[in-house]
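Please look over the sequence and the model shown here.

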Amino acid sequence: KWRAVKQANKKRLAAYIQSIYGTEVNTDALFDIQVKRIHEYKRQYLNVLSVIWRYKQLKKLSPEERKKVVPRVVAIGGKAASEIIIPAAELSQHISTAGTEASGTSNMKFQMNGCLIIGTMDGANIEIAEESGKENMFVFGVDADDVPRLRKERKNFKTDKRFDEIMADIESGVFGDKDYFKPLVDSISNMKVGNDWFLVANDFADYLRAQEEVDELTHATTIVPSFP
C-alpha cells in the first residue's frame with residue numbers, strides 16, 4: 001500500500017513536470033530530488049557534477065549494460081512548496097558543507113514522506129542520524145571540525161582525477177559555452193582565482209562513493225525497477 005501511494009505521488013509530479021516543461025519522465029526511475037535555496041553552501045554545484053559523471057559513465061555502456069543500471073530522474077530546484085515534490089521523492093539531497101547549515105529541517109519533511117537521505121553531517125541530518133541511525137542514511141563528506149584547516153590547505157589539495165576530467169570537459173566547451181562556464185570552473189578548480197570555500201573538490205570523491213551505495217541498495221532491493 002505504501003509503495004502504491006509513493007508511485008501515485010511520483011505520477012502526479014511527473015504530470016506536473018510535463019505540464020510545465022513539456023518533458024516526460026520515467027516514473028519507474030528513482031526520483032532524486034534537491035530543492036533548496038540556491039546558494040553556494042547548499043552545493044547544488046556538487047550535485048550537478050555527479051550528474052555529469054553519471055552521464056559520462058552511461059554513455060560508455062552498451063544498451064544491455066544500461067539495463068542493469070537503476071534509472072534516475074534528477075530534479076534540482078530552489079525553495080519550493082512541499083505539496084507535490086516532497087511526497088514523490090525517494091532520495092533527498094542535503095549536501096551542504098559540514099558546519100554551514102544552521103538548521104536545515106526540510107530533510108525531516110522528506111524523511112517523514114518515506115524518503116532516503118544522502119547528505120553530510122550538517123544541520124538536521126545530525127539529529128536524524130541520531131534518531132534513525134547513521135547507517136540508514138547515505139553519509140559522506142568532511143567533518144565540520146576539519147573545515148577551517150581544509151580551507152587553509154585547499155590550494156595544495158590533490159583533486160580526484162574524475163573531478164579533473166569533469167572540469168576539463170566543462171572548460172573545453174563539452175557542455176556549452178566555455179567562456180560562460182569558466183568562472184564557475186575557476187571558482188572550485190583554479191586556486192589562483194577561486195578558493196573553493198565550500199570544499200566541493202574535497203567532498204567530491206566521497207560523494208560519488210555515497211551515490212554508488214545508493215545505486216547498490218536500490219538495485220539489490222528492487223526499490224526501483226530497471227528499464228524494460
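## Basis of the model

The model is predicted: local features need pLDDT of at least 70, side-chain atom pairs count only at pLDDT 80 or more, and totals for chains, interfaces and linings use all residues. Residues are numbered from 1 along each chain as its sequence is written, and side-chain values use heavy atoms, with hydrogens and water left out.

## Packing of H2 and H8

Helices and strands are DSSP runs numbered from the N terminus (helices H or I, at least four residues; strands E, at least two). The axes of H2 and helix H8 (residues 161-172) cross at roughly 90 degrees and come within 10 Å. Axes here are lines fitted to C-alpha atoms, for helices over the stretch in contact, with angles from 0 to 180 degrees between N-to-C directions. H2 and H8 are therefore roughly perpendicular to each other; angles of 65 to 115 degrees fall in that class, while those under 35 count as roughly parallel, those over 145 as roughly antiparallel and the rest as oblique.

On the H2 side, the contact is made by Tyr 45, Leu 49, Ile 52, Trp 53 and Lys 56. H8 contributes Arg 162, Phe 163, Glu 165, Ile 166, Met 167, Asp 169 and Ile 170. Contact means heavy atoms within 4.5 Å.

## The Asp 169 to Lys 56 salt bridge

The structure holds 17 salt bridges, a salt bridge being a side-chain nitrogen of Lys or Arg within 4 Å of a carboxyl oxygen of Asp or Glu. One of them joins Asp 169 to Lys 56, with the closest N and O atoms 2.7 Å apart. This pair links distant parts of the chain, since Asp 169 in helix H8 and Lys 56 in helix H2 are 113 residues apart.

Are the two partners buried or exposed? Asp 169 is buried, with a relative accessible area of 15%, and Lys 56 is also buried, at 15%. The classes are buried under 20% relative accessible area, exposed over 50% and partly exposed in between (1.4 Å probe, protein chains only). Leaving aside residues up to four places away in sequence, Asp 169 touches Lys 56, Val 174 and Phe 175.

## Salt bridges within helices, and a network

In helix H7 (residues 147-153), Arg 149 and Glu 153 lie four residues apart, about one turn of the helix. Their salt bridge has its closest N and O atoms 3.1 Å apart. Arg 149 is partly exposed at 40% relative accessibility, as is Glu 153 at 37%.

Asp 206 and Arg 209 are three residues apart in helix H10 (residues 200-220), so about one helical turn separates them. Their side chains meet in a salt bridge of 2.8 Å, N to O. Asp 206 is partly exposed, with a relative accessible area of 27%, and Arg 209 is partly exposed at 28%. Elsewhere, salt bridges link Asp 32, Arg 54, Arg 72 and Asp 215 in a network.

## A nonpolar surface patch

Val 48, Val 51, Val 74 and Ile 76 form a nonpolar patch on the surface, together having about 250 Å² of accessible area. Patch residues have over 30% relative accessible area and no salt bridge; like charges are joined within 9 Å, and nonpolar side chains (Val, Leu, Ile, Met, Phe, Trp, Tyr) within 5 Å. Accessible areas come from the Shrake-Rupley method with a 1.4 Å probe, and for residues only the protein chains shown count as cover.

Helix H2 (44-60) and strand E2 (72-77) each supply at least two residues of this patch. Val 74 sits in strand E2 and is partly exposed, with a relative accessible area of 33%.
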